[in-house]
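Hi,

Here is the structure for your files. My notes follow below it.

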Amino acid sequence: MKLLRLVCFTPALAALALSPTVRADSADPRPAQNSYAESIDVRVVNVEAVVTDRRGNRVQGLKASDFRLLVDGKEVPVDYFTEVSAGETAAAAPAEPGAPAPAVSATATATASGKVGTSYLVFIDESFSIAAQRDVVLRRLLADLGRLGAGDQMAVVAFDGKRIDLLTNWTGDRDALRRTFEEAQKRPTGGLQRLAERRSEGIAGDLIVEPGVEYGLFTEVESAISASSAAMRGVTPPPGRKVLLLLSGGWPAISSQYQTADLRHAPSILDIDEPEDLFRPVTETANLLGYTIYPVDVQGLDPESSWASAEASLSVAHGFITADWERGVHQAMEYLAGETGGKAVLNSARLNAFERVEADTRTYYWLGFTPEWRADGKRHDIRVEVRRPGTRVRARGGFSDFSRETQAGLQTESLLLFGGDPAADRIRVTAGEPRRIGLWKRELPVTLEIPAGSLTPLPVEGGYEAQALLSMGSLDDGDGRARLQTLPLRLTLPEAPKPGTYARYETTLKLPTGKQRVVFSVEDTTGGGRSWAELEVH
């Protein structure tokens, strides 16, 4: 039996006890498969820009030279430009006459001529929504399905506070979508429980939680935010315009004591130092994958305004809003929309939400640029300006240069929530006997047998070497939160592995007590091959 050596680039993570024991076993050869999820194309960043005049009317007929595209305050060339009008576009052209056509992402080339399809990902937040309010919005969505064009598709996911359910994958079949929305109305919601929690914590009307006070709602908001970002990563969309229709039951952000629309400079009633940090998983994922977010105010006017304390009557109404909670919810929605170039659908506008979103996403300008990718995990600001006076522009606010480790972790989270491709290469996993190491923790030894066929060995002095990323994640059945860890690996071997060879890797996981679902994925950093496995721990 041939021995292989697996080496870590970095020290062991706190929750892992790594063993260097690795060996090769023989098994029946199987053809190599692609990954369980489509890789992210990050060659070109696409920016959808909506340009209006002072009255809010769309401005059409602009050229690439009418735009300035700034990244971190510095102007960058527009490598790709086209105008989409009423859902149609002419053939893509270079940014300037005579310039060579650039390499553009699949999103741009797939829709370079003719109809531009829109992919609407509908995320139903059941954890904060009250069933009656949610169903009003779902019935109106169902009634407006006739607005779907020939190239449009829709996928629907629901989050109950612990897990994400894919109600339907991408489809343009209106009958199938009608059945989906009808079934979605039968699902339970947690909005009444969230309402009770607000009352018990004193979060209602204009009651402001003092800094330093923590409460369970923070965790529940955080879980819903993580679920919406995971939904975008887990449901691979068709090419074209991508929209996240976020049906939110109400995620609060800031107190109305601070009258500002800038979320970054206002204290949070959720007791976090930087409010945008709470929503970063959603906005960064949307900008990375090219989604425009349209949050829909499922609750409408806050029913809690009627029972708020006496202090509420002394507050200054902001439009229809008289409660801090509702004002915070609206500001959070406006932030999510503003960071991605969308619009918040608030109050009674929820009754024709899809009509508004569909109309807003049919006419825009498509700009693309090629950044200098460093995979350093940094966020970069984007600002689009129009050189024509009297115009306004709405576009995404940035993009993230995710590292390979971060992207591998995102794929693992999708595995946790949606499962993996059964045709992809599978890791063989064996668990040992768990050992309790505390009141709420246990150790679990596991052995992973990684198919060497999913790795790319490169010749080095003395043999071959393959580099990979190992990602491990666990999903707690109790709180529904995913815990992820990723570390780089180097596999050294004296000769190229033969078909059916497996590399054995031993490690010890530290997990919370209770039922856990654990997934493992290995990504080859050279050839992009992936393998994965899952384990139920009771």
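**Overall fold**

Among contacts (heavy atoms within 4.5 Å) in the protein chain between residues at least 6 apart in sequence, 76% join residues at least 24 apart. This is a predicted model: local features need pLDDT of at least 70, side-chain atom pairs count only at pLDDT 80 or more, and totals for chains, interfaces and linings use all residues. Residues are numbered from 1 along each chain as its sequence is written, and side-chain values use heavy atoms, with hydrogens and water left out.

The protein chain has 538 residues, and 54% of them count as buried (under 20% relative accessible area, 1.4 Å probe, protein chains only). It holds 9 helices and 29 strands. Those are DSSP runs, numbered from the N terminus: H or I of at least four residues for helices, E of at least two for strands.

**Cores**

A nonpolar core is a set of buried Ala, Val, Leu, Ile, Met, Phe, Trp, Tyr and Cys residues joined through side-chain atoms within 4.5 Å. The largest has 39 residues. Leu121, Phe123, Leu244, Trp251 and Phe279 touch the most other members. Helix α5 (residues 216-234) gives the most to this core, with 7 residues. Another core lies apart from it, with 26 residues, including Val122 and Phe354.

Beyond four places in sequence, the contacts of Phe123 include Val157, Phe159, Ala224, Leu244 and Trp251.

**Helix α9**

Helix α9 covers residues 404-418. Of its 15 residues, 11 are buried. Among them are Gln407, Gln411 and Glu413. Gly419 follows α9, with a positive phi near 85 degrees.

Best wishes

Key
Buried means under 20% relative accessible area, exposed over 50%, partly exposed in between (1.4 Å probe, protein chains only). The expected span of a helix is 1.5 Å times one less than its number of residues.
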